[in-house]
Amino acid sequence: HPKALLRAIQEDGDYLLQLANQHIVAGDQLDQNTMKQLFRLAAKIESNPKRFSSPLQNKILISAFYEPSTRTRLSFESAWHRLGGDIMSITDRSTTGIAKGEALADVAEMFNNYGDCVVLRDNQQSSLYEMMDALRIPIINAGNGLDEHPTQALADLYAIFKWRPELLDASSGAQIKIGVIGVPNKMRTVRSLLKGLSVFAHAVSELVIIHDAASSAELFAPGQREQLSQRGIKVTTSTELNDCLPSLDVVYINAISWEGDTFHTYGDAFHLHAKSPLKADAIILHPLARGEELSTELDHTPHNWYFSQARGAVFLRMALLTCMVERAERVIDVV
Ligand code: CP
């Protein structure tokens, strides 16, 4: 329940003030204190969303998704609606001047005139940066090709800390062993999650990457394994899912991998199902959409935290958006 997380974090809204007008690009750009305060605000909103129904009145979100999305687009738009704002949504770049060769910098200049915040998903990694250079309103990276999906990582961490709030407190000694099924180098949600975990390294006793043998040579994005090790996270790898599962507290599975600017389903080489040898109190996280790799048999078990993860993303995004666009101190005054 979000109230346990609320109790675990002492309020200090000053950290949220720095989010005003800030672009959100990478999974590790926020420091630990800012993330904690963001999770606290998200938990506060989740505990009573109706108290936050007006911070973005008369503000306009430009929701630009040039690649398919169910959760990210709709949860951002739901979050903005719930905060009282209005939305302009583009779901197909061919309906804009980009199809006629318009430069992204010019599109960004127009966005400055029409809205208060941009959420962008694009299979081209560079589009985000081309737009950022011309934007005077904040932009959120909602997935830029293979590169990153930072608000998914924030939603993943929010789910983990709601489950075990004591993990936020380094002095508690609480730690979890996390298994990630897939190839981080080819999964933007995992790339961002590993960066986010590096900010909370004290909470991770071990990170196990469980992958197919064919991907052994290309597991990590450049510098990612070194970043985790430098922060003190023990990183191991395995190709044997069922050998790993009995010791894992959190199992993170993903269906989508990237080759260049094109996504594929990762396949069902690894499959979680009702007979998988999971620890009794282990949770499964999945950014969704799922494929064959995650059996629906698990939906009605206590291991299912993936639906809670997706639901919590709305409140996490409400907290983030309201601090980016409205001054956080006014939001905090509401409570
Ligand atoms: N988690 C996620 O990015 O899902 P969508 O592709 O549906 O947005």
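## Close-up views of a predicted model

View 1. Helices (H or I, at least four residues) and strands (E, at least two) are DSSP runs, numbered from the N terminus. UniProt, in an unreviewed entry, lists residues 23–160 as "domain: Aspartate/ornithine carbamoyltransferase carbamoyl-P binding". UniProt positions follow the numbering used here, feature names are shortened, and annotations may be inferred rather than shown by experiment. The model is predicted: local features need pLDDT of at least 70, side-chain atom pairs count only at pLDDT 80 or more, and totals for chains, interfaces and linings use all residues. Residues are numbered from 1 along each chain as its sequence is written.

View 2. An unreviewed UniProt entry gives residues 175–323 the annotation "domain: Aspartate/ornithine carbamoyltransferase Asp/Orn-binding". The end C-alpha atoms of residues 175–323 lie 30 Å apart.

**View 3. A β-α-β unit.** Strand S1 (residues 60–65), helix H4 (residues 71–82) and strand S2 (residues 86–90) form a right-handed β-α-β unit. Right-handed means that, with the strands pointing away from the viewer, the path from the first strand over the helix to the second runs clockwise. S1 and S2 pair in the parallel sense over five bridges. Pairing requires at least two bridges found by DSSP between the strands. Ala64 has Ile90 in S2 as its bridge partner.

View 4. Asn58 sits in the loop between H3 and S1. Its phi is near 70 degrees, a positive value in a residue other than glycine.

**View 5. Around the ligand.** The shell consists of Ser69, Thr70, Arg71, Thr72, Gly143, His149, Gln152, Pro287, Leu288 and Ala289. A residue counts as near if its C-beta atom, placed from the backbone, lies within 6 Å. Three shell residues are nonpolar, six polar and one charged. Here Ala, Val, Leu, Ile, Met, Phe, Trp, Tyr, Cys and Pro count as nonpolar, Asp, Glu, Lys and Arg as charged, and the others, Gly among them, as polar. Domain 1 and domain 2 each give at least three residues to the shell.

**View 6. A cis peptide bond.** The bond from Leu288 to Ala289 is cis, with omega near 10 degrees. Ala289 lies in the loop between strand S11 (283–285) and H11.

View 7. The chain is assigned domain 1 (2–149 + 312–329) and domain 2 (150–310). These bounds come from an automatic or database domain assignment. The C-alpha centres of the two domains lie 24 Å apart. In contact are 35 residues of domain 1 and 33 residues of domain 2. Contact means C-beta atoms, placed from the backbone, within 7 Å. Helix H1 (2–8), helix H3 (32–47), strand S4 (139–144) and helix H11 (306–325) each supply at least two residues of the domain 1 side. H3 gives the most, with six residues. This side has 18 nonpolar, ten polar and seven charged residues.

Terms used: Two residues are in contact if their C-beta atoms, placed from the backbone, lie within 7 Å.
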